[in-house]
Structure formats: structure tokens, C-alpha cells
Amino acid sequence: MSASLDKLLENPRVWRGRNAIQQKTGLASGYPELDRHLPGGGWPQQALIEILTEQYGIGELRLLMPALARLCAEDPQSEQAEPGWIAWIAPPFQPYPPALRQCGIDLSRMLIVRPKDAGDVLWSTEQALSSGTCAAVLFWPEKLDDQASRRLQLAAEKGSSWAVAFRPLAARQQPSAAALRLELHGTGEGTRVHVIKSRGGHPAVLNNLL
Amino acid sequence: MVRDAAPTPPGTQQDLPLEETVPPDEAPGSPIEAAPGRFEASIRRKSWPVAAPAERLWFCAWLPNLPLESVDDRGGGPMAIVAEQHGIHRVVMADAAAQAAGIMAGQSANAALALLPTLQLTERSVLREEQTLERLASLLERFSSFVCIAAHDVLLLELAGSLRLFGGLRRLRTEIVESMRLLGFSVMPAIAPTPLGATWLARSGRCSCIRETGNLVTTLRKLSLASLDWPASLLAELAGMGVTTVGDCLRLPREGFVRRFGAERLLELDRALGHLPDPRNSWRAPERFSADHEMTEEQADRSVLLNICRELLLSQERFLLARQLGIQRLCFSFFHLKGAATELRLGGARAERSAAHWFGLLGIRFEQLQLPEAVIAVRLQSGLAQPLRTESDNLNFTGTPGAQQRRFSITQLAERLVARVGEQSVHAMMMVADHRPHYAWRAQSILADWAGSTLPDERWRIQRPLWMLPEPAELPLDSGYPLHQGCRLRLLDGPERLETGWWDEDGISRDYYTAINPAGMRLWIFRNRQRPTTWYLHGYFG
């Protein structure tokens, strides 16, 4: 097979039926059950993903922690001279360092930014994504329209970074350029993760993941 | 004579040929010429060389009380400077009032406070002393074009060129000493034809004023070695040999002296006596860049103003490039016909000179700048120029896309973010060794130098929440049970008792629990043990 055909088949948007070759292009999430439902076997890299939830304390951060810990760890195999930073832009509360440490996160690579208005949140996110310094950017926008999400998606590709937007459940109705959209619902038994959009994948519901 | 009494180190007995010693009184008449600049060759000379005539005159100001006098706000009461030695704070220097109460250098800080409870203790700061010395140096630049910071407490001025202007040596000396005394500095002055000679004489505490090299040699011969700032071990060794003055040193054979005490010491002696040149670096006050751009008519067009700023930044870049310097801070002033000027300050993490860098930062801030009216002139003033620290980059043979995409470093990113959202809103975090949850971490400016957390990676038995509330929130109660979002909580884990911090104002005594509400939210709540009926929410297990 020619190289260009190979490349075309690697594209997650090409559906190849049941016996498709699973390409490991994603960033392993640390939750095997979730990885099985994500195209590429993990979080899409160099992309914007959205996590829609209105509750705190249902595991919305724990979902990301294994991947973040891997991103900010020293990797001797990597060609990058040093591991990337993780930027938190407009977090609703204080990310608590002792807990981050328990999750295996390198604290010396955290950058917290608290812009004063909504415009600055998007501006700071775009700067952090396109800088090429941040391996991941977590942000809590007040509003994120289709155009802004497209911009951030491009910035993430440009800076080979990973953008994670945390948005309320109402944002489900709005169109978005995100490669992956998840809904998180806390229940008494555990947290239900609902994959509502997945580029190259299928919607899915995972009960009691966290 | 001296030699017979001296205990010689074993194995060096043969190295001391007595016939090599030339009596001091014969030295000036010795036919061996001095070879200026050829120090290595001069070591092998048998006698100490002949003095050259003086062309320069050095004024030395020794500031023995600099640690004390560099403190700006002396309360008026007795004061002492302390420094940490082996984990104990000890008095380094005490002022007259403290000394009268029996406080001496070497005492521990606690002992000094016991003697005099009103004593004001100040930590010694080398940086503060350096800054004070630089301030004095820039003040003394008015008396001489050549000022030099020779040691941590010594200033040197070359006076030969200033004598005529200031009306003679005596008046000049009085004026210099008086000008420093007015600022509250006690000075030990000395004048000599060589810089080291002047320094030694000043340290000896005698206010000598010597203009002739011949007189200098005579005076230095009598000088005790204690005023030479040589290490104590060396002085003890010399004293053991019966050598206590500079003159005694000069009586020793040169080659043997170098073998025992190093060429460095002989070089110092030669330089002090004026046999060898003693080049010094002149101190210069740090430079600043300042430039104005005036316009013939008022200008309100922001793009025109931005262009003017770019021009100013480019001329600043040329200025800095020629001097290999960079700046960390700068200030633009936009002048209006009426009212005060609008100022825009920019700062960075490290010294930078590139106009493009500063223009990038300016662009971010200029968008938000409110100009009350049209602008008639723009001024750029730079902060203190500093030596530029350039960063080396990896040699990239392969041209991997990852390396190319790194547009700027984390400090550059932080600088841009700070320029837009303010310095308080951008920070990194580090952990602090404290059991109190709200003291267990600290925000840390990302622009300052920091090495990250240094705490050992201990494993806590109990999970901490990823989200922390800025202040604990009191939970409503339903017949003694805490409620969250109107529902009762179920306790999953706990209690973890934290009872600590009694030594300061903010002691806590709390029982922490992990709780879950019916919606599945996991909370970190605590009960205050002093008031067991109130419950607080402190974090979420995000």
C-alpha cells in the first residue's frame, strides 16, 4: 500500500468497519474502559476537548489526572528537551497542591492564571496553547462560542498542546469544534460519563467510571 | 637573627639559604633593576627591587562600620547587627550605645537581648552593604574620575588629577571625609602612591598621608601585618617565625617567601610598595536609557503612537547593543497638553534588550491603556541596565516539529500573561511543610527565580481533595447533621484529627471527614472541635 493511502487510513474520520486497525494515537487516559471507547485508544492529542458538568467533586479532575501526570513527567524517550507545563486558567476553586502531588503531578510545572474578565480567559488560553510550552491547558470559560472553540482548536494544533474546557451542561446545545465532548453526571453509586461527541468515534455511556 | 628563632617547617631547612637574604638597608642601593610587569621573572631576583617615583596618588576610604551604617532606618535606640553562624545568630557588630551595655561581637543574639531587651537586632545583608557602597561610590565620583570599589568595605579614589581643581591635597581630603561623614559614615582615610599601600594604611587606623614612594616604603615597613587583610592562619604562621611587620616580611628571601606563602602574597607586597603596577577597574554608575519624542501637534491616533514607541524601543536597542546590556523594566510616559502624563510600565522576568520583545509586551498593554486626551510627546525611560544573560539553545540537526513549535519559553509566556492580566493573577505553586491544610501550600511568583518544591515526597495515608475552597464554608444543619445542597451527607472516611499551629495565632483543632452527598459529590468537611456543633466544607474531591 502506498504511503499516502496509509496516511489516509490512519485518519480517524475514515470508518473502516468492524475489523479496523486500532491505532494508538491517543494519550492513554488511565481508565481502560474509557480508552476502549475513544478513537485512537485515549484522549485525542493536539485537540480541544470539552467536559460538561455542573457538579464539583464527582471526579471531573480525577478523570484527567493520570494523563496529566504523564504529560508533566520527565520522559527520557521524548525528543522534547523538557516536559511541558500545565496551565490552569480561571479555575473555580484553588487546585490543592498536596492532592495534585498525591496524583503524581510535578508541582513545579503548574501555572495558575486568574484573568479578571471573560475575554481575558480566552486570550490567556490561546496564548498558553499556542506558546508550545504548555502540554495541557485546563480552562473554565464563561462562554465559548463556535468561533472561539475553532480558534482554540487551531491554537492547540499549532502549539501541540491539549486543551480541556470545563463548561456547564447547558452548553450541550451549542455547536463546538471540540474533538471530544463528555458529559459527567454524579450519581449515588458513581459517576456516569456520557460521550456525546467523539471525532472518529461513537457516542457511548459509561456507568460508574469514577 | 629572626631566622634562628623561627620554627621552620620540616623538610624546608635546606630551602633557606642564608646568604640570599639581603639586609633591608642595602636594598635601595641594590644594582638589580626592577622589571615592571615581569612578575614571574622578578620572583627569582635576589633582592627586593628599588621603588619607582610616584605618579599617582590614591585615597583610600575604609568603612569599618559599614554593616551597621548601611542600615537605613536606625531607630535611635541601641542596635546590633547579627548574622547566622552554624545555625546560631551571633552579634557581628554593635553600635556605641549597645557596646556601653556590654554587647560585643561574637555574643549570641539571645545573650545580647538578655543584656539589653530594647536592643534592635538587624540581620546582616551583604547586598545592602554592596548597595550602600555603590551609592557612596557614585557620590565620590564628584571628586575623581577614577573611583574603585576595592573590597567589600573599601573605596579607592585616584586623586593626582583632582588636586589642582580642589585646591590641594589637604582641602580635598577634608572635603571627601566630611561629605561621607555628613551621610553618617565613619571613615578611616589614608593617602599613598599605591592603591594597596593606601588600603593597608587605612586599615591600620592611622590617618596617614604619604606622597613620596620613598616615604611609603619607610612607613609600610613599620606597619603591622594585622592590617593587611591576610588570612589569620597565615598571620599566625608568620608570627611564629617572628615576622609581625611588613618590614620583617621584606627581610625574607623572595624565592623562599613564594614557596612558603604563595606568589599571590609577594605580588601584593610588590604592588603595595610600588614595584609592580597595580591596575584597577574604575567603577561606573549603571547607565539608563532615556529618550523623548516630541510632536509638532497633538496626536490621538493610536497606531501612530505605537509606531513612535517602536522607534524609541529601537533606539534603546541600539544603545543596549553597543554596551552588551539588557533591561528588566521600562516606563513609557505619554504627555498631554493638559493634565498629568499617562504612564505605562513594563517589566520582565530577566534582562532583555530586543525591541521586538518589548514591543510585543507593549502591544498587549497598549490595547488596554486609556489615554484621557491626545498626546503631544512620548518619553521612554529604561530601568537600570544589567549585564545580559543570553540563553543557549539546542543545536537542532533533525528539525523535529516539536522543537520548532516551541515559540517561547515559560517565562516569556508568563511575561505576556502578566502584562495582560496583572502580576497577582499569574502564579505557580509550591508546598510548605505544615499540617494545616490552608498553610500546606503557597503561591509563588513565576517571574522570580525559584527551584520548585523541595519537600520530600511523602505518602499521606489519607487522600486530599483536588479542589480547595479559599475559605471554609459553614454548612447548614438539620438536627445536628450537616446538609449540602439541601441533602444529608453520608460520611465515607474519617475522622482525621488535625490539631496543630498552637504556636501562632492561627492554631486549628479540627476533625476532617470525607463525605458524599446523594448526587455523588465527594466533599471534604470538618468539625471544629472547639464548637462541635458547626460543620464546614473545605474542599471537593474533584
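This is a predicted model: local features need pLDDT of at least 70, side-chain atom pairs count only at pLDDT 80 or more; totals for chains, interfaces and linings use all residues.
Residues are numbered from 1 along each chain as its sequence is written, and chains are lettered from A in the order in which they are written. Local features need pLDDT of at least 70, side-chain atom pairs count only at pLDDT 80 or more, and totals for chains, interfaces and linings use all residues.

Colleague: How many residues of strand β5 of chain A are buried?

Modeller: A strand is a DSSP run of E with at least two residues, and a helix is a run of H or I with at least four, both numbered from the N terminus. A residue is buried if 20 or more other C-beta atoms, placed from the backbone, lie within 10 Å of its own, exposed if 12 or fewer, and partly exposed in between. Strand β5 of chain A covers residues 134-139 and is mostly covered, the buried count being six of its six residues.

Colleague: Which residue of β6(A) stands opposite A:Val137?

Modeller: Two strands pair if DSSP finds at least two bridges between them. β5(A) pairs with β6(A), residues 162-167, in the parallel sense over four bridges. Within β6(A), the residue opposite A:Val137 is A:Ala163.

Colleague: In chain B, which residue of β18(B) is the bridge partner of B:His484?

Modeller: Strand β17 of chain B, residues 481-484, pairs with β18(B) in the antiparallel sense over two bridges. The partner of B:His484 in β18(B) is B:Cys487.
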